[in-house]
Amino acid sequence: MKDEDCYQNNSVLLDRIGMLEKEVSSLKEEIESSKQMDRVSIVIFSGEWDKLFAAFTIANGALALGMDVHLFFTFWGATALKDGKNKKKGSSNKMMDLFMPRSADDLPLSKMNLGGLGKSSMKKLLKEKKIDDLPELIESARDLGAIFHCCDTTMDLFGYTCDDIIKGDETNWCGVASFLSLSLRSKITLFI
Amino acid sequence: MKDEDCYQNNSVLLDRIGMLEKEVSSLKEEIESSKQMDRVSIVIFSGEWDKLFAAFTIANGALALGMDVHLFFTFWGATALKDGKNKKKGSSNKMMDLFMPRSADDLPLSKMNLGGLGKSSMKKLLKEKKIDDLPELIESARDLGAIFHCCDTTMDLFGYTCDDIIKGDETNWCGVASFLSLSLRSKITLFI
Amino acid sequence: MKDEDCYQNNSVLLDRIGMLEKEVSSLKEEIESSKQMDRVSIVIFSGEWDKLFAAFTIANGALALGMDVHLFFTFWGATALKDGKNKKKGSSNKMMDLFMPRSADDLPLSKMNLGGLGKSSMKKLLKEKKIDDLPELIESARDLGAIFHCCDTTMDLFGYTCDDIIKGDETNWCGVASFLSLSLRSKITLFI
């Protein structure tokens, strides 16, 4: 092999290596930008005890696995965050208030409610079986780091304020678009 | 260093570079083939006003973020696309028709409906708060580019035809498998 | 070019190639570890005929596309797996049993049930249109390889045992955290 060959070879190799470096760096960027986290995002739309029970059981299971949990409370779901002891009411929600539950513990079952009979048996069963009831599940999710987001359109619609909500000051007030940005980066997104 | 060493070195380098090029190209293919888009796919199964309101609020939020939106209307959800002014009916759905809403505006609330009282207060509230009602949300989603897919099994089951549906000719008629293929490439898939 | 140059060049090239090899191998690992499968995971929470019909239509569509299907039956959804012919009952669920459906075929519609009228017309329609009814959809999903997971907390709560469930011995008994681990690796996760 002649010196010139050696030089020429090296110059070709340099080109191929330079090209590879560019491609690897753009692959890295692509992976980084489209990466989804070990995160569960849940749109909590429903206002029934059993659906909330399911949502918070999933949230607590995910937290136990070390996953991020983001909960977006919207429409009937926002009632799960209501502080039953707070009597202050906005003016726009008086008619709604007649029909709405006053707190998570006051939510009806979606089935077999029978004037509360189904639900009281359900709560009795939970106690017997030593399974956490909804208020404990909500508290445990908060303690383990779930982020609570409250839909600002719902709050406006139902006339709720920060004061009507338990730990309203630890709650993130946002719209559906902000929540969707979080969901895009979540491996699991559910609508409950 | 001798000429032979230089040559030998280059040959080893060439092998390693060749190997790297193959691996990078197969990584690229793998990333490309499993890539999920900034897309929301929603199976709209429910036929209640409030659930449709949630589905279309999410759709419009996603469209505002520049995301793709694909909506698959199936079962009760297909009634949201019905053209209330169209009186032509297939023969197979006569009995069903007695109980089915005639258009999106005619859908009941899932809760506190009370013979329409809950819903009329809801619509009044929306107007007061200047929040778009369902028919406007549906139109805005179409205008902003959401793709509407109608489940062909549902259409067959309920005896609906293209004529019974608003803008039936701009709607994609397909089965659940086609919709799942779109969902596989979506970062978010919801069942509402 | 001098021998020393050739040597120096090679040593620099070697460093860059070594670096690239490390980066490509860590990209591979990252892609592998965060890879989501062509898999649909469905949390089946609801106990209505129409929702189960939707869940199993999606499951069968996904199986037809060659996708993995994992179904997690929890709360009311667990009744879809009940063996209607089995009369043996645990003691804790006697009160619940009065209100609960006895098998998938016994599940109510979520809407227009009207004492079963809506559902009997639905079943008549399915037969007319030659569309598979729920029990056939469930069997077909099993035959095509869907994995059935039963929520152990629900079984405990409602007092169901392996004997109360159709093919209970072919069913995976697990908690919500195990199911979430499967969902993390699924491109589609739904809550129905």
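## Interfaces of chain B

Analyst: Where chains B and C touch, the contact takes 35 residues from chain B and 35 residues from chain C. On the chain B side, α1, α3 (94-99), α6 (152-158), α7 (176-184) and β5 each supply at least two residues. The largest share, 12 residues, comes from α1(B). By class, this side has 20 nonpolar, 11 polar and 4 charged residues.

This is a predicted model: local features need pLDDT of at least 70, side-chain atom pairs count only at pLDDT 80 or more, and totals for chains, interfaces and linings use all residues. Residues are numbered from 1 along each chain as its sequence is written, while chains are lettered from A and ligands numbered from 1 in the order in which they are written.

User: What makes two residues a contact? And what makes a run a helix or a strand?

Analyst: Two residues are in contact if their C-beta atoms, placed from the backbone, lie within 7 Å. Helices (H or I, at least four residues) and strands (E, at least two) are DSSP runs, numbered from the N terminus.

User: How many residues of chain B are in contact with chain A, and which elements supply them?

Analyst: 35 residues of chain B contact 35 residues of chain A. α1 (3-34), α2 (49-64), α4 (117-128) and β5 (186-191) of chain B each supply at least two residues of the chain B side. α1(B) gives the most, with 12 residues. The classes on this side are 20 nonpolar, 5 polar and 10 charged residues.

User: What makes a residue nonpolar, charged or polar?

Analyst: Ala, Val, Leu, Ile, Met, Phe, Trp, Tyr, Cys and Pro count as nonpolar. Asp, Glu, Lys and Arg count as charged, and the others, Gly among them, as polar.

User: How do you know how chains A and B are related?

Analyst: Chain B can be laid on chain A by a turn of 120° and a shift of 0.0 Å along the axis, with an RMSD of 0.0 Å. The two copies are thus related as by a three-fold rotation axis. The superposition is by least squares on the C-alpha atoms of residues with pLDDT of at least 70 in both copies.

## Burial and core

User: Why is B:Met155 called buried?

Analyst: A residue is buried if 20 or more other C-beta atoms, placed from the backbone, lie within 10 Å of its own, exposed if 12 or fewer, and partly exposed in between. B:Met155 has 22 such neighbours, so B:Met155 counts as buried. B:Met155 is found in helix α6 of chain B. Beyond four places in sequence, B:Met155 contacts B:Ala78, B:Cys150 and B:Tyr160. B:Met155 and B:Thr74 are 81 residues apart in sequence, yet 8.3 Å apart in space, C-alpha to C-alpha.

User: What makes a nonpolar core, and which residues touch the most other members of the largest one?

Analyst: A nonpolar core is a set of buried Ala, Val, Leu, Ile, Met, Phe, Trp, Tyr and Cys residues joined through C-beta atoms within 7 Å. The largest core has 150 residues, and A:Ile42, B:Ile42 and C:Ile42 touch the most other members. Apart from this core lies another of 9 residues, including A:Ile17, A:Leu20, C:Leu13 and C:Leu20.

## Helix crossing

User: Why is the crossing of α2(A) and α5(A) given its hand?

Analyst: A crossing is left-handed if the near helix is turned anticlockwise from the far one by less than a right angle, and right-handed if clockwise. The axes of α2(A) and α5(A) come within 9 Å and cross at roughly 35°. Their crossing is left-handed. The contact residues divide into 10 nonpolar, 3 polar and no charged. Axes are lines fitted to C-alpha atoms, for helices over the stretch in contact, with angles from 0 to 180 degrees between N-to-C directions.
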